Amino acid sequence: MTNLDWWPSPAKLNLFLHINGRYPNGYHQLQSLFQMLDYGDKLAFDINDSGIISMATPLQGVKDEDNLIVRAAKLLAEHTHIHKGVSISLEKCLPMGGGIGGGSSNAATTLVALNHLWGVKLSEDELAELGLKLGADVPIFVRGLTAFASGVGEEITPAPQEEKWYLVANPNVHISTAEVFTAEQLTRNTPIMQWEDYQFEETRNDCQQLVVNRYPEVANLLQWLVHYAPSRMTGTGACVFATFSDEVSAVKVKAQLPDTWQSFVAKGVNRSPLLQKLKKSEHVYATSDKK
């Protein structure tokens, strides 16, 4: 696989998650700050003329037709009436169901990369709209900017942040988003805030207390991390992050983390590595076209 051209599929953190209420259709009204990270999975796309879309590296226990990567590729092909095929390789680093966007990010990278590699040339807005059919977080990754999100998560405002370092740890439990959002005990009345007023210390994750009460593994990890730095659960869990101003401090704490918890250190970035890869690929494509 060394000769493959890898496309980044970065992780994200929800630096906070407020639930402001519920719409008549049952969806929750949310506010959150999506922080892009410089760490994640990688995808490679071997384009062919077979018309067949498949995984070269299938995910264990996940059928191709259920895989968000394959579903994203097929959705793009159907929407643009293109008949090309692709064999997709995945280098998986992010935990599944961890609340850091693994599946949604994989889908977004597939849409962005194949839009370029297949030459179908949909706009970013069109790709984001397609992505919404695959999951509420997919448009965030398509746009690739650290951003404030509201509504059901579809109203996105770029919100650049100071680029801090994060230690992200996984308590090795799988938490169902549906279970969290249907729980009677979930806080659903946090007042709406203006994102310009955002300060980490004055926000929270409205899902965290519920998850901590139900999953002692998350509670234990949070209790451990908070001794070293401001810490919080991301999304509906299960991953937890601690915030640092420099990489050295984050790496030092990671080294002390018990082996039972998987973890990584990443930098928060305002532009996703996926956007940088796309820009570079477009430049190479334009340069080769002129030759």
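Which residue in β5 does Gln-31 stand opposite? I looked this up in the predicted model and found Ser-150.

**Entry 1: β2 and β5.** I then examined the pairing that contains this contact. β2 (residues 28-48) and β5 (residues 147-151) run antiparallel and are joined by five bridges. I also noted that Leu-30 has Gly-151 in β5 as its bridge partner.

**Entry 2: burial of β5.** I checked both faces of this strand. Ala-147, Ala-149 and Gly-151 lie on one side, Phe-148 and Ser-150 on the other, and all are buried. With buried taken as under 20% relative accessible area, five of the five residues of β5 qualify, so the strand is largely enclosed by the rest of the structure.

**Entry 3: β5 and β6.** I followed β5 to β6 (residues 155-158), with which β5 pairs in the antiparallel sense over four bridges. Phe-148 has Thr-157 in β6 as its bridge partner. The two strands form a hairpin with three residues between them, and Gly-153 in the turn has a positive phi of about 110°.

**Entry 4: β1 and β2.** I returned to β2 and looked up β1 (residues 6-22), which is antiparallel to β2 and joined to it by 13 bridges. Lys-12 stands opposite Met-36 in β2. This hairpin has five residues between its strands, and Gly-26 in the turn shows a positive phi of about 95°.

**Entry 5: further partners of β2.** I recorded seven bridges in the antiparallel pairing of β2 with β4 (residues 85-91), where Lys-42 has Glu-91 as its bridge partner. Two bridges join β2 to β10 (residues 262-269), also antiparallel, and Leu-37 stands opposite Gly-268 there.

Note on methods: Residues numbered from 1 in each chain as written. Predicted model: local features only at pLDDT ≥ 70, side-chain atom pairs only at ≥ 80, totals over all residues. Heavy atoms only, no water. Pairing = 2+ DSSP bridges. Buried < 20%, exposed > 50% of the residue type's maximum accessible area, 1.4 Å probe, protein only.
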